[in-house]
Every structure is written in C-alpha cells, then in structure tokens.
Amino acid sequence: MQLYYNHYSSNTRRVLLAADHLGIAFDLIEINLASQDDRRRLAEVNANSKLPVLIDGDFILWESCAIMQYLADGTPGQTVWPQARQARADASRWMFWACQHFAPAIGVLTWEHIWKKFVTGLEADANEVARGESELADTARVLDAHLATRRWLVGDAVTLADFAVVAPLMYKDKARLPLDDYPHLLAWFGRVRELPAWRNTEHAW
Ligand SMILES: N[C@@H](CCC(=O)N[C@@H](CS)C(=O)NCC(=O)O)C(=O)O
C-alpha cells in the first residue's frame, strides 16, 4: 500500500500511529504542500487536495479516520478497532469528535503560532488565538473529565480513538496549547507517548 503523507501533518500522524501499532508498513510518498507540483500529484488522488491518502491497488481512500479503520479491518487479531458493537461505536464517537471538534480547535492555534508565519509572513492574530484557546478549552474540558477515571478513551487498552484524538497534540509545545489545567488529559498524553507507535512516528524538526 502507498501512503501520500507529510511528517508535519497531524492528520497523517493518526494513520502512521495506527499503522505502526498494527505492524503495517507503507510505500511512503512524501508530499510538500507548498509545492505546486506535489499539489498536482495530490489532487490526482484526492480532489480535496489534502493529506493523508491511502492507495491499495486500485482503491483510493482519503480521510484519516477512514484509513485507520480500513487498516485495522485488514489486520487479523487486531484489538484497536473493537469488534463489539457498542465498543466500536464508542471508538467511532471519539474519532468523529477528534476530527470535528478537538483537532479543529488545535488547528486554529497551530495556524496562528506555527504555520501562518511560514506561509504569509504575518504574526499571530490575538483575536484568533483567543478563539482557538476558547475552543480548545471547551474540548479539553470534555476530554479531561472523561479521562479522570480511565487510562484510555475506550475500554481498558489503547484503541484507534486514542490515536485519532492524540495526533494534533504533536504540536502541544510549538502551538503553545494551554493544557496545564487538564491533568488527566496530560497524564493520558504521557501514556500515549510511552507507546512504541508514538516514538516510532516522531519526526525531528
Ligand atoms: N479530515 C481530513 C483533514 C485532512 C487535512 O486537513 N490535512 C491537512 C494536513 S494535516 C492538509 O492536507 N491540508 C492541506 C490544505 O488544506 O490545503 C482528514 O482527517 O484526513
């Protein structure tokens, strides 16, 4: 299988985390989102022009959480994508939440504190930072409360839900995410960082 990816993409990181945990290796195709040539190559496999994209024979799949589920479904004996109906729905719930609420809140702050300067040369906008911090607080509160009584998001062990939610926290420090008030969230993040999958998908920059 081929994966169109970039090390800076937190949506790709989700897929890399799941794949590493499942023991799946890809033929990696690096896409530089700032290159027009690479953008053209990306648009050939994803009209949305977004990473990641999985190619499995003549099947093309985009959307990071769909890719994670597809990889797990093709892995006999895997435990990260639960079989039981309610446990699977629970994992699915957090994966949707990650894409719809948690990652977009963090995305405001990664744009303002990291990417904006690279792309536009402009400094962070205080109003946008305040909006991102407020949206992050709303979601971090939910995550922290959920993790107050459990080690992993679903059941007793790591699942795709943990990988989906944790991925944008790869920018916790660089994006200055204000998370000090969420001890359970931070403890869980510490547990994820102890997993081989986290360490194996780290990229220095
Ligand atoms: N919901 C999509 C989001 C994909 C996405 O936004 N990827 C970013 C990289 S992290 C991207 O390719 N951005 C390029 C752009 O928006 O032009 C997913 O989960 O795969």
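Here Ala, Val, Leu, Ile, Met, Phe, Trp, Tyr, Cys and Pro count as nonpolar, Asp, Glu, Lys and Arg as charged, and the others, Gly among them, as polar. On that scheme, the shell around the ligand has three nonpolar, five polar and two charged residues. This is a predicted model: local features need pLDDT of at least 70, side-chain atom pairs count only at pLDDT 80 or more, and totals for chains, interfaces and linings use all residues. Residues are numbered from 1 along each chain as its sequence is written.

**Around the ligand**
- The shell is made up of Ser 9, Ser 10, Asn 11, Leu 33, Ser 49, Lys 50, Leu 51, Glu 63, Ser 64 and Cys 99 (a residue is near a molecule if its C-beta atom, placed from the backbone, lies within 6 Å of it).
- Pro 52 sits in the loop between helix H2 (36-45) and strand S3 (53-56); helices (H or I, at least four residues) and strands (E, at least two) are DSSP runs, numbered from the N terminus.
- Glu 63 has a positive phi, near 85°, and lies in the loop between strand S4 (59-62) and helix H3 (64-73).
- Glu 63 is partly exposed, with 18 other C-beta atoms within 10 Å (20 or more would be buried, 12 or fewer exposed, in between partly exposed; C-beta atoms are placed from the backbone).

**Another positive phi**
- Arg 176, in the loop between helix H6 (160-166) and H7, has phi near 50°.
- Arg 176 counts as partly exposed, with 17 C-beta neighbours inside 10 Å.
- As background, most residues other than glycine have a negative phi, and most peptide bonds are trans.

**H5 and its partners**
- Helix H4 (residues 85-120) packs on helix H5 (residues 126-147) at about 150°, axes 8 Å apart (axes are lines fitted to C-alpha atoms, for helices over the stretch in contact, and angles run from 0 to 180 degrees between N-to-C directions).
- That makes H4 roughly antiparallel to H5 (over 145 degrees; under 35 is roughly parallel, 65 to 115 roughly perpendicular, the rest oblique).
- By class, the H4 contact with H5 has eight nonpolar, three polar and four charged residues.
- H5 also packs with helix H7 (residues 183-194), at about 75° and with axes 7 Å apart, so H5 and H7 are roughly perpendicular.
- In that pairing, Ala 140, Leu 143, Asp 144 and Leu 147 of H5 meet His 184, Leu 185 and Trp 188 of H7 (contact means C-beta atoms, placed from the backbone, within 7 Å).
- Ala 145 is in H5 and counts as exposed, with 12 C-beta neighbours inside 10 Å.

Conventions:
Contact = placed C-beta atoms within 7 Å.
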